[in-house]
Amino acid sequence: PPGPATMPNPNGEAKTNVSDLAEGLEVSLTLQQLRDAAKEGRYNVIPIFTEMVADVDTPVTVYLKLCKAKGPKFLFESVAGGESIARYSFVGVRPYKVMQFGRDNACDPLLVLEKELGGVRLMPNEKIPDFTGGAVGYVGYDCVRFFEPSVGVPAERALDIPDCVFSLYATVVCIDRVNHTMKVVHNIPLHRLNDYEQKGEKGVTVESLYEDAVLELDRTRRMLEGPVPKRPPPPPGPAEGNGKKTQAMRDMKSNVGKEGYEGFVRSLKERIHAGDIIQAVPSQRLMCPLRGVDAFDVYRQLRMINPSPYMFFMDYDDFQIVGASPELLVKCVNGVVTTHPIAGTRRRGRTREQDDALAKELLANEKERAEHIMLVDLGRNDVGRVAAPGTVKVDSLMHIERYSHVMHIVSHVSGKLAKDKTMYDAFRSVFPAGTVSGAPKVRAMQLVNGLEPQSRGVYSGAVGHFSFSGNMDTCIAIRTLAVKDGVAHLQAGGGIVFDSEPTPEYEETMNKMRALGKAIEQAERMVRKRKLR
C-alpha cells in the first residue's frame, strides 16, 4: 500500500481533518484502537471499513464506477449450484503489488506468494466477509511444470499472456446481496512498517497508515456515490455480417478441427486399451474475433446466460479473463480442504420433463458413472496427500447440478489439513484437477501434451483468491475465455475412457462452449441495438 498520505481534498484546499472524516464515514476503527492493536502485536493487518446503502447498485454498476483506475482489476460473483445467488460479490481495483510469472520464471509462483503472505496475521471481524483482501488472479494450466516437471509444456504459445498473475489488493468492495449494502474494506498493513523503514520512507507511522486508510475509504466512497460513467466505445473490429446468425459464430475457428479432435480421441483410446492410462482429457481451442464489443460486454451477457458458482471478470489492461465456471478446484477454509469433482455431462432439456429424463439417464449411464467414480477417487487421493489421516470423506456423491446449457454429475470431497501442510500444499496437490487432466494424472497429462499443438494458457488452470485471512478459494478455469487484441479464445475438453466414441466426444466439447458463444452473440446484438437508439 502507499506510504504517507498526501492527498488534498477535491477542492485542492488544505488536507482534510482525518478525525472528522473518519467520524463522518462512521468507520469501523478508531485511531486509538489501531494504536492499541499495534502495541499488542497479536495481529499485523487490521481491517477498517465503511458501509454504504446499495439498494440501487449491482455488482456490475459498482465495477463500472471503479474500473477507470489503471492496472489490474476484478469482479467476482457467485450463484451457488447454478440456481441460488450467493450473498457476497467482490470488486477490487488499484492493487498495491502485481506478480507475473511466465516461461522466463524458473520458480514456483506459490513459493513467491507464500513468502508475500506468510507473515500476515489478520485481525478477525465478524461484521465483514472472510475475503476482504489478498492475492487475486489465475494460475494457468502450464504452471503444472513447477509442480510436476515431467509433464512439460507444448512449445507453441497460443496466446501471449503470463502463465500466472497474482494481484495483491489492500482494498476490496464487498457487496451484500442480502442486506443491500456494501462495505468498502481497507486492510491496514502494520506488518509493513519495518519494510517502510528499511526503504527509508520516514514518517510512516501508525498514525499515517490510519490517515491513508480513511482517505482511501473516502476516495472509494465518492466514486461509488457518483453516477455510472458512460462506457467508452470498444476497440474496432472486423465488419459485422448479416443474417440471423451473427458473424461471430460463423467465424469461430478451431486450432485442431473436428477431425483433429476425433483423432485425439482415437489416439488416447489406444493408450487406454494398452493399459497405459484409464482416462485422459484432451481439449480444443476456438478463436473468435469480437466485433464492436469488448470483454466486459461479453461478461455481462455470460453472467445472465450461464449463472455459475464462480463468475469472474479480470482486466489486466492488455488482456482480460472472462468466466462462469461450475467447478471448484480446491478450497481451504479454517483448515478444511474441499474439492468438487464434476464428470458426466448432458445438454439441458427443452421442457422440465425432458430435463428430468436426461438427468435420470445421465445418472444411470454406466460409462458416466464409472468415469465419475474414478475422478472422485482421484479427488480423494489428491486431498488425502495433504489431509490428516482418517479425515478424508465424500460429503456428497453423484448429485445433479444444472446450468444454462448443460447439467453435470457432481460430488463433494473434503479432508482436514494436516498440521505440517499449508493451503499452498493443498493447491499443488489438487492442481490441475483430474477432470481436466485424467488418470493416472501425470501420465495422462504427458500424453495430452504430446497431442495438443499449443499450450493451454489459462484454460483448465485455476482462478481465485488467497485471502489475508489465511483461507483460499479457487475454481477450475473452464467455461472461460481470454480476450486479447480483439480476439476471444475459448477452450473445452472432455474425458476419454475405454468406450468413448470420437464424434460424441467432439460434440460434448462444443456443447460446453455454447454458453460462451451465445454470450458473444448477445453482446454483439446488444451493441447493435444501442447504436439504433
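Student: Which residues do ring pairs link into a cluster?

Tutor: Rings of Phe, Tyr and Trp (its six-membered ring) pair if their centres lie within 6.5 Å, with planes under 30 degrees apart counted as stacked, over 60 as edge-to-face and the rest as tilted. Here such pairs link Phe74, Phe76, Tyr88, Phe90, Phe131 and Tyr169 into a cluster. This is a predicted model, in which local features need pLDDT of at least 70 and side-chain atom pairs count only at pLDDT 80 or more, while totals for chains, interfaces and linings use all residues. Residues are numbered from 1 along each chain as its sequence is written, and side-chain values use heavy atoms, with hydrogens and water left out.

Student: How many aromatic pairs are found in the whole structure?

Tutor: The search finds 21 aromatic pairs. In one of them, the ring centres of Phe166 and Phe466 are 5.7 Å apart and their planes stand at 85°, so this pair is edge-to-face. Phe166 belongs to strand 8 (residues 164–169) and Phe466 to strand 22, so the pair ties together parts that are 300 residues apart in sequence; strands are DSSP runs of E with at least two residues, helices are runs of H or I with at least four, and both are numbered from the N terminus.

Student: Are Phe166 and Phe466 buried or exposed?

Tutor: Buried means under 20% relative accessible area, exposed over 50%, and partly exposed in between (1.4 Å probe, protein chains only). Phe166 is buried at 1%, and Phe466 counts as buried at 2%. For a stacked pair, turn to Phe427 and Phe431, whose ring centres lie 5.2 Å apart with planes at 20°; Phe427 is buried at 0%, and Phe431 is buried at 4%.

Student: Which residue lies over the face of Tyr141?

Tutor: A charge sits over a ring if NZ of Lys or CZ of Arg is within 6 Å of the ring centre and within 35 degrees of the ring normal. Arg456 lies over the face of Tyr141, at 4.5 Å from the ring centre. The side chain of Arg456 also meets that of Glu452 in a salt bridge (3.0 Å, N to O), with Arg456 buried at 2% relative accessibility and Glu452 buried at 5%.

Student: How many salt bridges does the structure hold?

Tutor: Side chains of opposite charge can pair when their charged atoms come close. With a side-chain nitrogen of Lys or Arg required within 4 Å of a carboxyl oxygen of Asp or Glu, the structure holds 33 salt bridges. Among them is the one between Asp57 and Lys65, whose closest N and O atoms are 3.1 Å apart, and both of these residues are buried. Another joins Glu225 to Arg221 at 2.8 Å between the closest N and O atoms; these two are four residues apart in helix 7 (residues 206–225), and therefore separated by about one helical turn. Glu225 is exposed, with a relative accessible area of 53%, whereas Arg221 is buried at 17%. Asp218, Arg221, Arg222 and Glu225 are linked in a network of salt bridges.

Student: Which residues lie nearest the centre of the largest pocket?

Tutor: On a 1 Å grid over the protein atoms alone, a pocket is an open set of points with protein on both sides within 12 Å along at least five of seven lines, a cavity is a set where a 1.4 Å probe fits but cannot get out, and lining residues have an atom within 4 Å of a point. Ser78, Pro309, Tyr310, Lys331 and Asp473 lie nearest the centre of the largest pocket, among its 33 lining residues.
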